[in-house]
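Please look through the sequence and the model below before reading on. The notes that follow are grouped by topic, so that each point can be checked against the picture.

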Amino acid sequence: MKQGISRRLLSRVISIVAVATLAVSGSLFAQGVTTGSVRGRVTDEAGNPVVGAMLTLTNTSNGLRYSVPSREDGLFSIENVTPGGPFTLASRAIGYRPAAQSGIRVGLSQVVEVELKMSAAAVELSTLTVTAEASNPLTSTSRTGAATYLSDSLISSLPSLGRNFTDFLSAAPQVNSSSVGGQNNRYNNIQIDGGVNNDLFGLGSTGTPGGQVGERPISVEAVKEFQVLIAPFDVRQGGFTGGLVNAITKSGTNQFHGSLFFFGQNQNTGRSVVQRGTVVGNVCNPLCPDTLKSFHEYQYGATLSGPIIRDRLQFFATGDLKSRQAPFLQYLSGNAASDSTFYGIKTTTADSVVAWVKNNLHVDPGTYSKVNQNSPDHDFFVKLSGQVTEGSQIELTWNSVKASQNSLIRNTTYSCCRDAFELGNSGYEIDNTT
């Protein structure tokens, strides 16, 4: 009996381990593609394939190396290459002079095709540098479906008021206000370094975590490049019916780099947008003349990157802070008994309510006039990139985002199910931490 129970227990444990392994494997395959590849052919001067040539791809900025041999047809394929560069591809084979091509740049999920020619030699001579024009990965036959690629230089040059990398989705012709192909943006799949970063609760307008309070999922300073995929044929990319936003983050190099940035706007920048509008029940529509006197939005921070161990371990860090204050546009004004708005609420009535609360409850309920809405947003990002062995590396990433926004209920129509007029110290605050 004990032996039978032990066998059954062992069988169940093996089954559980097998199921867990399959589940983990499935989650890994579902993460999407966050790398690129370099493919091509090695031939001699007569165009014959060079078999067994050792090809080494080296990232000159951080020392990351990949090595593969050429096959019987002279073809080679270097997969899982971390996007960036510049790379140098060197080829060595017995009986041939070494050949190399430099200045290669690999984009996210792109295939770079390189052709190398090697000259026959009885003895090893100095390196022969091959200068050739690499094929355009955007027009390569290896592309799988409609896609838009945004490089790091394009991200840094495009304007953005909110400095949210999802603002750049509109660079894709199939995207309109984060709607891909006419689908609701909640059907999109947003991935950062292969990890899903969607708004699972579904209340945010951006489709990312914290969208309800205007939070950015990650600092735009930390985004290296990304692509917008509409209908990829690659089976490794899926989990969406709208579009796939596939983003990767920056890494450090063998050189120290740093930056400081500040962006600001307030009621004094640009042309005045204040309009007198019409007044209905002392509610300014669309804006009162003094509405924007307390508006500001300031974004500031810094980046720093460099080597910890040259060619082995690098770091990248950024802090991105935002301070935003905007007036709540709906309020009561005037002191006459005839003044009324918001379902007939008079300013004299509001004054009596405020006085009663202060005298009887001994708390300050706030004001019925203008109040400011505060929306701070603090983003911090740190990444360590290390090479374990040739062709393999490990990354450790920490991303912290914290934002909040206070909210008042001051409805202007009778149709809402939550008709109310809250004083300045009422309402609630939405806190979001990722």
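**An enclosed strand and its neighbours**

Gln191 has Asn246, a residue of strand β15, as its bridge partner. The model is a predicted one, and its chain of 434 residues, of which 41% are buried, contains three helices and 26 strands.

**Strand β15**

- Strand β15 covers residues 244–249, and because six of its six residues are buried, the strand is largely enclosed by the rest of the structure.
- The cover is found on both faces of β15, with Leu244, Asn246 and Ile248 buried on one side and Val245, Ala247 and Thr249 buried on the other.
- Strand β12, which is made of residues 189–192, runs parallel to β15 and is joined to it by four bridges.
- Strand β14 pairs with β15 in the antiparallel sense, over six bridges, and Val228 stands opposite Val245 of β15.

**Salt bridges**

- The count of salt bridges in the model comes to ten, and among them is the one in which the side chains of Arg216 and Asp320 meet, at 3.5 Å from N to O.
- Arg216 belongs to the loop between β13 (195–196) and β14 (223–229), while Asp320 belongs to strand β20 (residues 313–327), so this pair ties together parts of the chain that are 104 residues apart in sequence.
- Why do Arg216 and Asp320 count as buried? A residue is called buried when its relative accessible area is under 20%; Arg216 counts as buried because its relative accessibility is 1%, and Asp320 counts as buried because its relative accessibility is 0%.
- Arg216 also meets the side chain of Asp377 in a salt bridge, at 3.2 Å from N to O.
- Asp377 lies in strand β24 (residues 377–389) and Arg216 in the loop between β13 and β14, so this second pair ties together parts that are 161 residues apart in sequence.
- Both Arg216 and Asp377 are buried.
- Another salt bridge is formed by the side chains of Glu297 and Arg324, at 2.7 Å from N to O, and this pair links distant parts of the chain, since Glu297 is in strand β19 and Arg324 is in strand β20, 27 residues apart.
- The burial of this pair can be read residue by residue: Glu297 counts as buried, at 9% relative accessibility, whereas Arg324 is partly exposed, with a relative accessible area of 30%.
- Salt bridges that share partners join Arg163, Arg216, Glu221, Asp320, Asp377 and Asp379 into one network.

- Thr208, like Arg216, is placed in the loop between β13 and β14, and Thr208 is buried, with a relative accessible area of 0%.
- Which residues does Thr208 touch, not counting residues up to four places away in sequence? They are Thr166, Ile190, Asn197, Asn198, Asp199, Glu215 and Pro217.
- Thr208 and Val196 are twelve residues apart in sequence, and their C-alpha atoms are 9.8 Å apart in space.

**Surface and contacts**

- The chain exposes about 23500 Å², and carbon and sulfur atoms supply 56% of that area.
- Trp356, Leu361 and Val363 form a nonpolar patch on the surface, and together they have about 320 Å² of accessible area.
- Val363, a member of this patch, is located in the loop between α3 (347–361) and β23 (372–374), and with a relative accessible area of 44% Val363 is partly exposed.
- Of the contacts in the chain with a separation of 6 or more, 66% are between residues 24 or more positions apart.

**Confidence of the prediction**

- The mean pLDDT of the chain is 80, and 77% of the residues reach 70 or more.
- The pLDDT is below 50 over residues 1–31, a stretch that has four contacts in the model beyond near neighbours in sequence.
- The pLDDT is also below 50 over residues 273–289, and this stretch has 31 contacts beyond near neighbours in sequence.
- Where pLDDT is low, the predicted coordinates should not be read in detail.

How values were computed. Residues numbered from 1 in each chain as written. Heavy atoms only, no water. Patch = residues over 30% accessible without salt bridge, like charges linked within 9 Å, V, L, I, M, F, W, Y side chains within 5 Å. Areas by Shrake-Rupley, 256 points an atom, 1.4 Å probe, with all protein chains shown as cover. Salt bridge = Lys/Arg side-chain N within 4 Å of Asp/Glu carboxyl O. Helix = DSSP H or I, 4+ residues; strand = E, 2+ residues; numbered from the N terminus. Buried < 20%, exposed > 50% of the residue type's maximum accessible area, 1.4 Å probe, protein only. pLDDT = per-residue confidence, 0-100. Contact = heavy atoms within 4.5 Å. Pairing = 2+ DSSP bridges.
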